[in-house]
Amino acid sequence: MKKNWFYLFALICSVALFTACSDDEPANLSVDTVNGTYPSTDGTNVLQLTYGDAAMSGKSVTFNSADGQTATITLSGAENALLSGLLSQSIKNPGVVPGEASTTLNVTLVPEGTTGYTFAGTDESNGRTLVYTGAIEAGKLTLDVDVTFANDLIGTWNLCPYDPYGTVNPLHIAWTSSTPFSVVLFPIPGAEPIELQPGALLTLASAIGLIGDGMTLHEAMAALLQSVTFNADGSIVASYSDAANLASPQWQNSPADMVQYCVKGDQIYAYLNIDAIIASVAGASSNTKALDIADLLPIITPYIPQLVPMLSNGIPLSYSVNEEGGLSVYLDESGLGQVVLALLSELVQNEKIVNTIKELATSNPDFAMFAGAMDSILAQMPDVIAGTTELELGLNFTPSVAE
């Protein structure tokens, strides 16, 4: 009888032992073999990250589990090797989820044989819903993320059509200064200078046919950008045409992973895929005379410390929706607008750059009559900029109506 009790006790202990092993982690697998950081550029710890249906690069995912039952997964932007090398400082890409420098997921692990774990779940915070599925094994992390936002921008917005007699046009311009321009616009004998706010002067200039065969800035913008779509997953897709096709636009859509966005209060924060944008710019060619980058770099460099954080934290843009449902997106006198004003002030005080601007402007026969006014405007520009009290420069859109 004692022998039977001994066998029964041994059987119970065996069952308990195997049950405990299966509850902790797969046999022969230690969490130490999967814990770690998986950057998308590392060949040792491979990261396969998708956002929606698109593969996502330039990101980093850290996996940490203490017991093989639960884990903390942190999503963030990896270091941008190109910019870090150029600027000799560590520059991080934006996080995986727009508006979040890092995103932490607390996941429940499901053993996958003896090689790793799988996990899936939903995380709701910051006004968005994130659904994730993934798997991990030694040296490889696979993660699929689907994010849905809720904001009043979601949908397609068409660029406002150009109307020379209308009050709303593609360009959104509002710029006032305590020191307005005093200028003689037309070379008429005896003409007295008139005062013009910078916004009024820019609005006037945008309606004059200065581009190509008499095309205005409004018309040129309408030939470059057809619409912008703010998707619910936080991506922005633009329908655009190349500058070489101004006379006959050839519309195409930008890649969904080029720009992401999130809405915070009355501001839009745009997050750029730096690598993709640089590759796109490098592949573009132009025969148009322009400012030499060698002349611009010394002026731009001092402002890099103010601009670099925007690459990771988002580029802030203000927006408003009017009573008719029209959308305006613009930079204002704070943040990026402040940097733009400071850069513009330095540009118009650089003799070489000023001469290039004059050459570009006066090379257009339609602008020749304004050459004298141009000299005066450029000379007054630093004081006008310094006196800026309001600035709104951007684009106007109308909601797209489904056919």
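## The loop at Thr301

In this predicted model, Thr301 sits in the loop that runs between helix H6 (293–300) and helix H7 (304–313). Although Thr301 and Leu87 are 214 residues apart along the chain, their C-alpha atoms are separated by 9.6 Å.

## Strands S19, S20 and S21

Strand S20 (residues 315–321) pairs in the antiparallel sense with strand S19 (residues 267–272), and this pairing extends over 4 bridges. Within it, Leu317 of S20 is the bridge partner of Ile268. S20 also pairs with strand S21 (residues 327–332), again in the antiparallel sense and over 4 bridges, and here Val321 stands opposite Leu327 of S21. S20 and S21 form a hairpin with 5 residues between them, and in its turn Gly325 has a positive phi of about 90°.

Two of the residues named in these pairings, Ile268 and Leu327, return in the description of the nonpolar core below. Elsewhere, the charge of Lys264 lies over the face of Tyr269, at 5.3 Å from the ring centre.

## The nonpolar cores

The largest nonpolar core has 40 residues, and those touching the most other members are Leu225, Phe230, Ile268, Leu327, Met381 and Phe397. Helix H10 (residues 371–386) supplies the largest share of this core, namely 7 residues. Apart from this core lies another one, of 27 residues, which includes Ile73, Phe119, Leu143 and Val145.

The surroundings of Ile268 can be listed in detail: leaving aside residues up to four places away in sequence, Ile268 touches Leu153, Phe230, Tyr261, Cys262, Ile315, Pro316, Leu317, Tyr319 and Val329.

The model contains 3 aromatic pairs. In one of them, the ring centres of Phe63 and Phe119 are 6.5 Å apart and the ring planes stand at 35°, so this pair is classed as tilted. The pair links distant parts of the chain, with Phe63 in strand S4 (residues 59–64) and Phe119 in strand S8 (residues 116–125), 56 residues apart. Both Phe63 and Phe119 are buried.

Phe119 forms a further tilted pair with Tyr132, at 6.5 Å centre to centre and with 45° between the planes. This pair, too, links distant parts of the chain, as Phe119 lies in strand S8 and Tyr132 in strand S9 (residues 128–137), 13 residues apart. Phe119 has a relative accessible area of 4% and is therefore buried, the limit being under 20%; Tyr132 is buried as well, with a value of 4%. Together, Phe63, Phe119 and Tyr132 form one aromatic cluster.

## The open sheet of 6 strands

Strands S8 and S9 also belong to an open sheet of 6 strands with mixed pairing, whose order is S3-S2-S10-S9-S8-S7. Its edge strands, each of which pairs on one side only, are strand S3 (54–55) and strand S7 (110–112). Within the sheet, S9 and strand S10 (residues 140–149) run antiparallel and are joined by 10 bridges, and Arg128 stands opposite Phe149 in S10.

Note on methods: Residues numbered from 1 in each chain as written. Predicted model: local features only at pLDDT ≥ 70, side-chain atom pairs only at ≥ 80, totals over all residues. Heavy atoms only, no water. Core = buried A, V, L, I, M, F, W, Y, C linked by side-chain atoms within 4.5 Å. Buried < 20%, exposed > 50% of the residue type's maximum accessible area, 1.4 Å probe, protein only. Helix = DSSP H or I, 4+ residues; strand = E, 2+ residues; numbered from the N terminus. Contact = heavy atoms within 4.5 Å. Pairing = 2+ DSSP bridges. Phe/Tyr/Trp six-rings, centres within 6.5 Å; stacked < 30°, edge-to-face > 60°. Lys NZ or Arg CZ within 6 Å of the ring centre and 35° of its normal.
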